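Good morning, and thank you for coming. Please look at the display.

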Amino acid sequence: MYRPVSPVAAYQGRFAPSPSGALHLGSLLTAVGSFLHARHHNGCWRVRIEDLDRPRVLAGASAAILNTLEYFGMQWDGEVLYQSQRLTYYAEVLEQLRQQHYIYPCVCTRQQLAGKIYNGRCRTGIPESNQAQAWRLQVVGEIQFEDEIQGKFSQDLSRELGDFILKRRDGIFAYQLAVVVDDALQGMTHIVRGADLLDNTPRQIYLQQLLNYPTPHYAHLPLLLDEHGRKLSKQNHAAPIATPRPQNLLWQVLKLLGQNPPEDLLEASLSEFWAYSILHWNVQNIPRQLSVSVCQLPLV
Ligand SMILES: [Zn+2]
């Protein structure tokens, strides 16, 4: 439907779902927001499947997610990237950080980690043992950034968060490491994603700085909450999307994103629908808040 954009496009964006279940209304909203933002800027829009957390991967979910995107007319550029096939990159970067003494092994068990903020117990070394170890990144200072939707955001990493894990005790690379490595290697310039990741961003910027990677532009979309005020998620068993006419649901998603689509867009074909919404996409109209509720959905 869309002319493939050259891989050297000035704008590189992505949608990066984890295949722990089918796409639901909340993840559709995120996909639509990142797709429209990219296409409005004549940019590349790629799909990356974040399937590192093997125990949480659901068989068939990746294919189902990709099918749903296609059904809704959101065609991505290039090959889909699977993080599970990129372990050598993550291992290389982790080794680089180890050689630079930015990370250290940690043998703390969940029981020893009372509270949310890691107290730096293993920072000065761990006893000789063959216990499984995680790798933690030593943090210092405060990170600030300007989010295109949410505005200024800052976090004091050492005080509010503590040293965080880049590789888990079970050998799985942490999301924070993989996302930073992939965004850099894929040349991402714009990260448009859900506001649940807003407070992960300072960690990612900190890592980018240590690795001398450029920091992309961030825009965090409001998260969709169900009628009880809970995040729509696979854990809450949010229903997979089923609709005989994708335009109707997309129209509602546009409404939630503050885009004010005209009523007659409901009668448009899917490609007319996208042509209109790409042209009229206005990030200024997105509610500058962390969440919106399904209760605000207009019924069509
Ligand atoms: Zn420890």
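The zinc ion has four protein donors, namely Cys106 (SG), Cys108 (SG), Tyr118 (OH) and Cys122 (SG), at 2.1 to 2.3 Å from the ion. Donors here are N, O and S atoms within 2.8 Å of the metal (3.2 Å for Na, K and Ca), and sites may look incomplete, as water is not among the atoms.

Before going further, I must state that this is a predicted model, in which local features need pLDDT of at least 70 and side-chain atom pairs pLDDT 80 or more, whereas totals for chains, interfaces and linings use all residues. Residues are numbered from 1 along each chain as its sequence is written, and side-chain values use heavy atoms, with hydrogens and water left out.

What is the geometry of the zinc site? The site is tetrahedral, with angles of 104 to 120° among the four donor atoms; for four donors, that term requires all angles to lie between 85 and 135 degrees. The ideal angle for four tetrahedral donors is 109.5 degrees. Along the chain, the zinc donors follow the spacing C-x1-C-x9-Y-x3-C. Cysteine 106 and cysteine 108 are both buried, that is, under 20% relative accessible area with a 1.4 Å probe and protein chains only.

Let us turn to histidine 220. This residue lies in strand S10, residues 217–221; a strand is a DSSP run of E with at least two residues, a helix one of H or I with at least four, each numbered from the N terminus. Histidine 220 counts as buried because its relative accessibility is 0%. Its side chain makes a polar contact with the side chain of aspartate 147, at 2.6 Å. Such a contact is a pair of N or O atoms within 3.5 Å; within protein, one must be able to donate a hydrogen and the other to accept it, and residues adjacent in sequence count only if both atoms are side-chain atoms.

Next, helix H5, residues 175–185. Eight of its eleven residues are buried, so the helix is largely enclosed by the rest of the structure. Among the buried residues are Leu177, Val180 and Asp183. Glycine 187, which follows H5, has a positive phi near 65°.

Finally, the whole chain. It has eight helices and twelve strands. Of its 300 residues, 52% count as buried. The C-alpha trace spans about 70 × 45 × 40 Å along its principal axes.

Notes. Buried < 20%, exposed > 50% of the residue type's maximum accessible area, 1.4 Å probe, protein only. Tetrahedral: all angles 85-135°; square planar, octahedral: opposite > 155°, others 65-115°.
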